[in-house]
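This report covers selected local features of a model, grouped by element.

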2 protein chains.
Amino acid sequence: MSGMPHGMTQTAQAQAHIDSSAVAHNLAQIRKRLGTSRARIWATVKADAYGHGIARVLPGLTDADGLAVRDLPEAQACRAAGWRGPILVYGGLHRPDEVALLGASDLHLVISHPAQLAWLQAAAPSAQPPSVWLRYAGDTRLGGFDDADYAQAYGRCAELREQGRIADIGHLNHYARSEDADGIAEADLHFRGAIEGRPGPISTCNCAALLLHPDHAAQTDWIRPGLMLYGASPIPDVHHGPGLGLKPAMRFTARLLATQALRQGAGLGYRGAFTAPRDMRVGLVSCGYADGYPRHAQTGTPLLVDGQPTRLLGRPAMDTLAVDLTDIDVPGPDAVVVLWGDPRNTVESVAASAGTICAALLTGLTPRVAMLGD
Amino acid sequence: MSGMPHGMTQTAQAQAHIDSSAVAHNLAQIRKRLGTSRARIWATVKADAYGHGIARVLPGLTDADGLAVRDLPEAQACRAAGWRGPILVYGGLHRPDEVALLGASDLHLVISHPAQLAWLQAAAPSAQPPSVWLRYAGDTRLGGFDDADYAQAYGRCAELREQGRIADIGHLNHYARSEDADGIAEADLHFRGAIEGRPGPISTCNCAALLLHPDHAAQTDWIRPGLMLYGASPIPDVHHGPGLGLKPAMRFTARLLATQALRQGAGLGYRGAFTAPRDMRVGLVSCGYADGYPRHAQTGTPLLVDGQPTRLLGRPAMDTLAVDLTDIDVPGPDAVVVLWGDPRNTVESVAASAGTICAALLTGLTPRVAMLGD
């Protein structure tokens, strides 16, 4: 927007409107699913709150019990935005010198490999030592300790606790198949075997586990929802967010630039990505893959033009999408196009049409998109 | 990096290193292909220089004849970064009030639909009127005038020129199939028919047209290279950038976080995206789809770990990639992983493995990536 005369909106720029009240609503819905359980909630705000912006969503997270981030600089961003509660750091320490960032209170480090324990051992004891969560390798095996190493890692943590270098020790697991009805039973059996006889709070469940295995989630100490906070469903083949009582927290929009006729048989876009089966009216929209709209999206991907449902035609180009205006009221120039984030045009439906997942779309917007808060 | 103690690098963060001298080298290679032609070069820097950053690449573009951007705010960014030469604005005017941005000298507006001419007509004449380039709809049909409307649009431009509202009138086309040996002949015949008898400079050729139809490109007045400036090939099935004498301008890197054993038969990642065919050693890398690494990348996508070629395993997660370290010297912790942008690991090869194009990868990095200049 820099350089634009005062009062002028920059309509070539796609926009993402972030609604923190939707985040608050979604958090309440998540809490409701826990029923009478005393399980607490780590609100997952890694990847800058799944692309929404930590500072923009934070007003919607006052009722969260803690925030979960990737790394210590993200934890610092949460503190800078005003968060005073616990913070879980999934990546723990990325290298030895990050121990210099451990001064802040109420930090919880996920420990995924032995070197991280050595770095904690070498650090000077702190007046406010971090808690740690030992990560079980589980069935994703993207870091963590397997059955052979878990006991030893726990033992080293107990020593660190005795030395005052850490506070509490928790147990963390992550399921590879929590979207499946039979996806966690066996995985959990292994996890319970590894932690048996080793006291500490337990955190194993993401959104999909909460939805499909609610009784299990209710018996853990902390759940770690991400996607549902932002209004999207973790089981998009079965339910979209609105069907789960959720509200989209991001509304991704662009503007209609021009309309044109397309004759029967004419090709549209590079290599004739779409060929008109009849005479059509086409709209050109100021958004493309350089904004983070998925280039894999296919003809038929839904969107709203001036509030009317219609579809993408052909392949997204770098700066431009073509949309079908043939059977809808021709909108005025400069009409708003909703790319995703409306109950009638969910990010789930765009992800399905692009062969990807909601989280990849939400976290994939580029710096070219204007991010707008409440 | 905010909040990190002085001297500490933030290793959880993926980085894109931009080399403006590679851009200068690539521009010289493009000029060389024009031979003795007097065709001039619009260096295409839209989408913030294909994701490299206009200010970072500008030192490499001092020999360009002009810059080409999407919109007037991008043109202003070029001026702010120090560019004093001509600027071509592909999107022309996006709405009436953008005429307020036309004061700057040497602006060239691409005109794609009649309303833009009406907006110019309604604007106050300027001491430094813009030039216009009429866009022919051609065979992409993503905006522009078709055969029925081109003559009338040219006539209106001639009137605007007489009124002093615009300077020169040029002719612009864009081919849907310039990557094909037979991709432009018929398209060009239509274009030549539309502009016949209407004086003005001609610009029709992008990188692919320059490579595959060099004699044709040499006979036009301005070419509009984009991808080759950044070191990537527009015909990646035939040549990668280094094979065309080009140097990658972006080197996208992350760090190795940890290594772990993976037993034969064990699954890795969500839903067991990869299953180990034998006992293996796996590295975990601090990069994921939330950085803009393509989630569609498949097992086998090439990358370099500590300078050694290896491959992706399974699906990229939001924050983490798994890589195969079984048959390479086990690198030290914190080793550099080149995701793309090395002659031995081109962005073309990653794009091929992810079923996409180089431009989508280069323009797709998210704000989470640290952008570093020379």
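## Two residues with positive phi

B:D306 lies in the loop of chain B that runs between strand 14 (302-305) and strand 15 (308-313). Helices (H or I, at least four residues) and strands (E, at least two) are DSSP runs, numbered from the N terminus. B:D306 is not a glycine, yet its phi is positive, near 55 degrees. Because B:D306 has 18 C-beta neighbours inside 10 Å, it counts as partly exposed. The classes rest on C-beta atoms placed from the backbone: a residue is buried with 20 or more others within 10 Å of its own, exposed with 12 or fewer, and partly exposed in between.

B:R141 also has a positive phi without being a glycine, about 60 degrees. B:R141 sits in the chain B loop between strand 6 (131-135) and helix 6 (147-162). B:R141 counts as buried because 24 C-beta neighbours fall inside 10 Å.

## Basis of the model

The model is predicted; local features need pLDDT of at least 70, side-chain atom pairs count only at pLDDT 80 or more, and totals for chains, interfaces and linings use all residues. Residues are numbered from 1 along each chain as its sequence is written, while chains are lettered from A and ligands numbered from 1 in the order in which they are written.

## Helix 6 of chain B

Helix 6 of chain B has 16 residues, which at 1.5 Å a residue should span 22 Å; the end C-alpha atoms are 24 Å apart, in agreement. The expected span is 1.5 Å times one less than the number of residues. Just after the helix, B:G164 has a positive phi of about 80 degrees.

The buried residues of helix 6 of chain B include B:Y150, B:A153, B:Y154, B:C157 and B:L160. Seen down the helix axis, the buried residues fall within an arc of 115 degrees, so they line one face; the arc is taken over directions from the axis to the C-beta atoms. An α-helix has 3.6 residues a turn, so residues three or four places apart point the same way. On the other side of helix 6 of chain B, B:A148, B:Q152, B:G155, B:E159 and B:E162 are exposed. The cover over the buried residues includes helix 5 (114-122), strand 6, strand 7 (169-172) and helix 7 (185-195) of chain B.

## Strand 2 of chain A

In strand 2 (residues 40-44) of chain A, four of the five residues are buried. This strand pairs in the parallel sense with strand 3 (residues 66-69) of chain A over three bridges, pairing being called when DSSP finds at least two bridges. Within that pair, A:W42 stands opposite A:G66.

Strand 2 of chain A also pairs with strand 9 (residues 222-223) of chain A, in the parallel sense over two bridges. There A:R40 has A:W222 as its bridge partner.

Technical notes
Two residues are in contact if their C-beta atoms, placed from the backbone, lie within 7 Å.
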